[in-house]
Amino acid sequence: MKPAEEPDESVTAADAAVETIQREMTAFARRARATAGRMHPELSLVSYTLLGHLEERGGCSATDLAAHYALDKSTVSRQVAALERSGLIGRRLDPEDHRVQVLHLTDRGTDILAQVTASRRVAFRERLAGWPEEDLARFASYLLRYNAAATDEPVSDSSTHA
């Protein structure tokens, strides 16, 4: 009979917590990708994210999208082409530099983004319905802090935005 293994004392509580965070964030990402198609059949999670960024910025170039999301330009180019074919985004010349094309949401893109955003908001509110307000605020601040550290951006309190 094999002796019972002793716990690995080199693994700290912080190590265990980081492992749990990594596992749960992976599950969250997997679930987000899976549910994106149910929110709107034309809008993948990547498309939703790109449209949201274009709305937030009032438009930007494909190069700016690639840089912001640390994606290869060819990846962004394929996504942009699909969004253009779907009539969700269009291009305009940059008024300050006519060599640059600025991507922007079309009216249809704005409408679909608003629909999906509303559906996502309902889903999140349902999932978090039993949480006390202080837990929601703490969770929001932790997510802001985590994402700011990943991008070297300052932490801003946007927890008032749904």
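Contact here means heavy atoms within 4.5 Å. The structure is a predicted model, in which local features need pLDDT of at least 70 and side-chain atom pairs count only at pLDDT 80 or more, while totals for chains, interfaces and linings use all residues. Residues are numbered from 1 along each chain as its sequence is written, and side-chain values use heavy atoms, with hydrogens and water left out.

Leaving aside neighbours within four places in sequence, Leu-54 is in contact with Gly-59, Cys-60, Leu-65, Ile-89, Leu-103 and Leu-105. Leu-54 is also among the residues that touch the most other members of the largest nonpolar core, together with Leu-43, Leu-51, Leu-65, Leu-83 and Ile-89. This core has 18 residues (a nonpolar core is a set of buried Ala, Val, Leu, Ile, Met, Phe, Trp, Tyr and Cys residues joined through side-chain atoms within 4.5 Å; buried means under 20% relative accessible area, with a 1.4 Å probe and protein chains only). Two or more residues each come from α2, α3 (62–69), α4 (73–85), β2 (101–105) and α5 (helices are DSSP runs of H or I with at least four residues, strands runs of E with at least two). Helix α2 gives the most, with four residues.

Helix α2 also holds Ser-47, which counts as buried because its relative accessibility is 6%. Beyond its neighbours within four places in sequence, Ser-47 is in contact with Gln-79 and Leu-83.

Turning to helix packing, α2 (residues 45–57) meets α5 (residues 107–127) at an angle of about 110°, with the axes 11 Å apart. The two helices are therefore roughly perpendicular (65 to 115 degrees).

Definitions and conventions:
Axes fitted to C-alpha atoms, helices over the stretch in contact; angles between N-to-C directions. Parallel < 35°, antiparallel > 145°, perpendicular 65-115°, else oblique. Buried < 20%, exposed > 50% of the residue type's maximum accessible area, 1.4 Å probe, protein only.
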